[in-house]
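Me: I would like to go through this structure with you. Could we begin with the ligand and its contacts?

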Amino acid sequence: MSQSPRFRYEEIADFVAGLAGRGTLKPGARAPSLREISTQQRTSLSTAVQAYRLLEDRGILEVRPQSGYYVAKPPPALPVPTTARHSIRPAKVELSGLMLDLLKHASDEAFVPLGCAIPNQRLLSSSRLDLVLARTARVKGSQCNTYSPPYGEMSLRLEIARRALRFGQALAPDDIAITCGCTEALALALDAVTEPGDTVAIESPTYFGLLQVLRAKRLKVVELPTDADTGVAVDALREVVASGKVRACVLASSFSNPLGCTMPEENKRAVLRILAEHGVPLIEDDVYGDVHFGEERPLPFSALDTHDNVIYCGSFSKTLAPGYRIGWIATRRHMARVLETKFATSLATPVLTQVALATFLSNGDYDRHLRRVRREFADTLARMTRVIEQAFPPGTKVSRPAGNFVLWVELPEPADTRLLFAQALEKRICFAPGVVFSASGKYAHCLRLSGGHGWDARIEKGLRTLGAMAVRAAGLAGSGKKPVRSG
Ligand SMILES: Cc1ncc(COP(=O)(O)O)c(C=O)c1O
């Protein structure tokens, strides 16, 4: 699979978007003319035209007939979904039957891929990674055809520990065990600190794979109200933890799935304090941490933890290699238990891919790659948001993640995304209905859209078709009301 090259017109579009983003060109201001920009950027007029068309599509520039290009005034942003206030009693995990349908259709190429949070192979540096893997196989293949110790390859643990230092995690390689994806890390963490029948506090809505793991381990959950900007409600967490009913807590540190929320640092510190006071361990899912759109990666809980009370879970699945199934778990206090269970469940993680990944990390390829995918995902979410503003029913709310590549959309009731899901599948469009993100069937009027595929004409068309279907689902067809913004 080839890497997507960066075209000259995209670079020019980014340059002009940067001028608008930093306020050098204010909304309503005249943009440099096509001739000016092509001279300044030493490019052809047709490349400048392509760049400006792209900026028009992205809603950054608008053309005024006989006058030229102007910086568009941003439309009033759609409101962010509201925090659901609901009961915070322990309950069994009830999985939605739609989850299997979603998994079945999400990776079927016949469907417009807005369903699962899977990065497109075009965006992953697959060809570069293939080369590193092939070279590793050629040079070290037979050495790799063996069991690694349960904690995994030293070279990879060292690279992970080095990278973690950049965002404040002081980890020794021995604090890290390599796992089969973040999923195994979460499962090992839960095994280390809970028994079947215990209750775990989780965000709501939350990643449906976590719900599956919790159910498989016969754990009950308390679904904590979670804000689309600031994450879990600290007061609700305090109340639940103080009741003594909760044995562990699982939270995403940054750009959670599906809400995309990131807790402010002071809230993270408050959560850490509350949990440490009551001796409740925090299992941190930071699988999206590397996909930040701002300059800085927010600090994870584990970087702020002073009580050795956080079990950190990460992976390379969302940025680089979902198929390699490589993740990691970091804990000092629970490592012995983690390794016992790792040995008993999968014995070890495959060696070849670990060694290849360690090389990819050490030679700087990963950092270069991350800069590109962050830009692509930010751009895709911005374009998706713009189409939602134009094509979805009035009253729609949409999340505004500062990282990640999914959007959480709240439709005005009575829209029911379970029905919408069935209708969309008939039109070969896949998205994730809201109920799969709850242990108790909440969020029937919500949906999650993945931007993992990146932007193209098929995604845009699928999204507009879905918007028109959502207008009907919200009971607005023929009512004369316009979608969120006509345009
Ligand atoms: C929040 C979250 N955690 C964990 C995972 C699973 O990660 P992995 O593929 O590394 O097992 C996902 C995948 O979608 C996710 O969204």
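Me: How far does a polar side-chain atom of Tyr288 lie from an oxygen atom of the ligand?
Reply: The distance is 3.1 Å, where a polar contact is a pair of N or O atoms within 3.5 Å; within protein, one must be able to donate a hydrogen and the other to accept it, and residues adjacent in sequence count only if both atoms are side-chain atoms. This is a predicted model, in which local features need pLDDT of at least 70 and side-chain atom pairs count only at pLDDT 80 or more, while totals for chains, interfaces and linings use all residues. Residues are numbered from 1 along each chain as its sequence is written, and side-chain values use heavy atoms, with hydrogens and water left out.

Me: What about Lys318 and Cys182?
Reply: An N or O atom in the side chain of Lys318 is 2.6 Å from an oxygen atom of the ligand. Cys182 uses a polar backbone atom, 2.8 Å from a ligand oxygen.

Me: How much of the ligand's accessible area does the protein cover?
Reply: The protein covers 92% of the 400 Å² that the ligand has on its own, by the Shrake-Rupley method with a 1.4 Å probe.

Me: Which helix gives the most to the shell around the ligand?
Reply: Helix α7 (residues 181-193) does, with three residues; helices are DSSP runs of H or I with at least four residues, strands are E runs of at least two, and both are numbered from the N terminus.

Me: Changing topic: how many aromatic pairs are there?
Reply: The structure holds 12. Rings of Phe, Tyr and Trp (its six-membered ring) pair if their centres lie within 6.5 Å; planes under 30 degrees apart count as stacked, over 60 as edge-to-face and the rest as tilted. The centres of Phe316 and Tyr366 are 5.7 Å apart with planes at 80°, so this pair is edge-to-face.

Me: Why does that pair tie parts of the chain together?
Reply: Phe316 lies in the loop between β10 (310-315) and β11 (327-330) and Tyr366 in helix α14 (residues 365-391), so the pair joins parts 50 residues apart in sequence.

Me: Are those two buried or exposed?
Reply: Both Phe316 and Tyr366 are buried, that is, under 20% relative accessible area, with exposed over 50% and partly exposed in between (1.4 Å probe, protein chains only).

Me: And what is the geometry of Trp408 and Phe437?
Reply: Trp408 and Phe437 are edge-to-face, 5.4 Å centre to centre with 90° between the planes. Ring pairs also link both into a cluster with Tyr207, Phe208 and Tyr443.
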